Amino acid sequence: MAAELYMPKNGMDMTEGTIVRWLKEEGDPVEKGEPVMEIETDKVTMEAESPASGVLLKKLFQNGDVVPVLTTLGYIGSRGESLPEPPAPERKTSGGQSPETPAQNAAEYQVAVVGGGPAGYVAAIRAAQLGARVVLFEKDKLGGTCLNRGCIPTKTLLKTAEYLRYIKEASARGIRLDGGSVRVDMPAAVEKKDQVVKTLTDGVEALLRANHVTVIRGEARLRTARRIVCGGREYTAERIILCGGSKPVRLPIPGTQSRHVLTSTDILELKELPARLCIIGGGVIGCEFASIFQAFGVQVTIVEKMDRLMETMDADVSEELEKCMKRDGVVVHLCESVKEVLEQPDGLTVVTDHFQIECDKVLLSIGRVSDLDCLGDMAGEVRTENGKVAVDETMRTSVEGVYACGDINGRAMLAHAAFRMGEVAAENCVGDRQERCLLKYVPSVLYTAPEAACVGLTEEQARRLHPEGIQVGKFPMSANSRAVASGERDGFVKVIVEKDYGELLGVHIIGGLASEMIAEAAALMSAEVTAQEIVSRLIHPHPSYSEAFSEACGDALGACIHLPPKRK
């Protein structure tokens, strides 16, 4: 079979390359690894090597052509060998080209994916890897909420906030900054955020192209279990994977229609910092934006109706997070419901049960709900539960041949969980397999300052589910040498261990690099490694934050080296 010669992607920022000149002509023999063309990017000129030995059968582009990364440039194989069909070009159904003639098959596609977010694009790529003819529909931008309006843009701004904190703390490390105060250039910060997002969305598009996935822009809805309508045209597929994602909740609070009341999408586009920001909701979105804007110099107030921030996390983590936020200047009002938002000549007034909060902007961060619009004419046939598409562990819905992954099924509204759901659905679609998506040990991360992360049960859940007894271990970051040297003494690692067998039931971390440390805990819990084995057999590098994990396990067993003995 002929090997494809691709436009290489050398680095995340590379989106296209220019063919300077071909070094071989059609029919010329080539050896694997032999240069066949010169390519120029915005940074370097380089040679592209042959992926196989044979002859150059076909050149699809000529000298001087500018070609997107991962696009097929030509074919190398045996002399006289027939060439595969060229990759299907991207289709457009609105504001673009007319779609091509449908493939002449029993079904136009083997797999159709609705939604190009984390679940959708992964499902499409995996199905294509397994040999399926795949089409993906996306009504907005590839990458979904996570890549365009959630995980990635917020983490880019959080990194900017982290730089600011380092600069403010620099004098304590003997670094003298001359030349005045430090401030945030918001237009530049937003531009950087947009650059990062574009780099990654371009990467997703290139991967879909390289895997010969047909991408159709437009809003797609089910007509039947085998038919999809998009842009006024009907498409057929043997199997359909729904990845419609989620949308922000907007509660019917009087006054929240003001242009100064923002969603999490709106606030990412702010080019001018408000002096005062009130955040309604103390969950993931609210706490992360509080960390960003507090570091940017904004007076931040959080209003949360529950009795603690991040009520889905372990109570000790919530308490530590609240303490750190308040110390940094964030005002936190718990057990408060917002009654209305009043627009004043000089700003807004947020009226709660017991307070009136003056501010310039309000962020609504109540949460997200599954977006079921893609169900279309099948809305009454695809079973839903509490506003989410009901699926089993194979990602199958109640309708034969229709699957649902990611936020639309609400099982774990996290991008990394969506990745796995998409893979499982694709494997079951194409191979008629019974792969299961097990979500018991999916880690959750909060990217605040300090970070927080968890996997498994909270202490409260563990005591309820294991009345026979648990052991709790906790190791403070203030006793971890790497954390002390780095000036990140806040937080701790907490483990919950089943008393009789030493099974890890839950791990909760708040402190430096919690988002990275939690991966080890999730992996060990999935492998059923016990707390005793972690203490006695695993060796962590020193000095490192990760040592705190094994020390916490030791504390649960009464064998922690770097803490004083517990009083009996």
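A residue is called buried when its relative accessible area is under 20%, exposed when it is over 50%, and partly exposed in between, with a 1.4 Å probe and protein chains only as cover. By that rule glycine 502, at 0% relative accessibility, counts as buried. The model is predicted, so local features need a pLDDT of at least 70 and side-chain atom pairs count only at pLDDT 80 or more, whereas totals for chains, interfaces and linings use all residues. Residues are numbered from 1 along each chain as its sequence is written, and side-chain values use heavy atoms, with hydrogens and water left out.

- Glycine 502 is placed in the loop between β32 and β33; helices (H or I, at least four residues) and strands (E, at least two) are DSSP runs, numbered from the N terminus.
- Leaving aside residues up to four places away in sequence, glycine 502 touches Val497, Thr530, Ala531 and Gln532, where contact means heavy atoms within 4.5 Å.
- The C-alpha atoms of glycine 502 and methionine 7 are separated by 52 Å, and the two residues are 495 residues apart along the chain.
- Leucine 57 belongs to strand β6 (residues 54-59) and is buried, with a relative accessible area of 17%.
- With residues up to four places away in sequence not counted, the contacts of leucine 57 include Ala2, Glu26, Tyr75, Arg79 and Leu83.
- A distance of 57 Å separates the C-alpha atoms of leucine 57 and glycine 286, which are 229 residues apart along the chain.

**A covered helix**

- Helix α13 (residues 547-556) is mostly covered, as 10 of its 10 residues are buried.
- Among these buried residues are Phe549, Cys553 and Asp555.
- The cover over the buried residues of α13 includes the strands β31 (470-476), β32 (492-498) and β33 (504-510), together with the helices α10 (481-485), α11 (514-526) and α12 (531-537).
- Glycine 558 follows α13 and has a positive phi, near 75 degrees.

**Salt bridges**

- A search of the whole structure finds 35 salt bridges, each defined as a side-chain nitrogen of Lys or Arg within 4 Å of a carboxyl oxygen of Asp or Glu.
- Arginine 223 and aspartate 377 form one of them, with an N to O distance of 3.2 Å.
- This pair links distant parts of the chain, 154 residues apart: arginine 223 is in the loop between β13 (220-222) and β14 (227-230), and aspartate 377 is in the loop between β25 (368-370) and β26 (384-385).
- Arginine 223 is partly exposed, at 37% relative accessible area, while aspartate 377 is exposed, at 53%.
- Arginine 276 and aspartate 360 form another salt bridge, their closest N and O atoms being 3.0 Å apart.
- Because arginine 276 lies in strand β18 (residues 276-280) and aspartate 360 in the loop between β23 (356-359) and β24 (361-364), the pair ties together parts that are 84 residues apart in sequence.
- Glutamate 533 pairs with arginine 537 in a salt bridge, with the closest N and O atoms 3.6 Å apart.
- These two residues are four residues apart in helix α12 and therefore separated by about one helical turn.
- Glutamate 533 is partly exposed, at 28% relative accessibility, and arginine 537 is exposed, with a relative accessible area of 63%.
- Salt bridges that share partners also join Asp314, Asp316, Glu459, Arg463, Lys474 and Lys494 into one network.

**Pocket and cavities**

- The second largest pocket has a volume of about 820 Å³.
- Here a 1 Å grid over the protein atoms alone is used: a pocket is an open set of points with protein on both sides within 12 Å along at least five of seven lines, a cavity is a set where a 1.4 Å probe fits but cannot get out, and lining residues have an atom within 4 Å of a point.
- Grid points are joined across faces, edges and corners, and a volume is the space filled by probe spheres set on the points.
- The second largest pocket is lined by 30 residues, of which Glu162, Arg165, Ala449, Pro450 and Glu488 are the closest to its centre.
- Helix α3 provides the largest share of the lining of the second largest pocket, eight residues.
- Two cavities of 30 Å³ or more are found in the whole structure, and the largest cavity has a volume of about 50 Å³.
- Residues lining the largest cavity include Pro248, Thr263, Ile285, Leu364 and Arg368.
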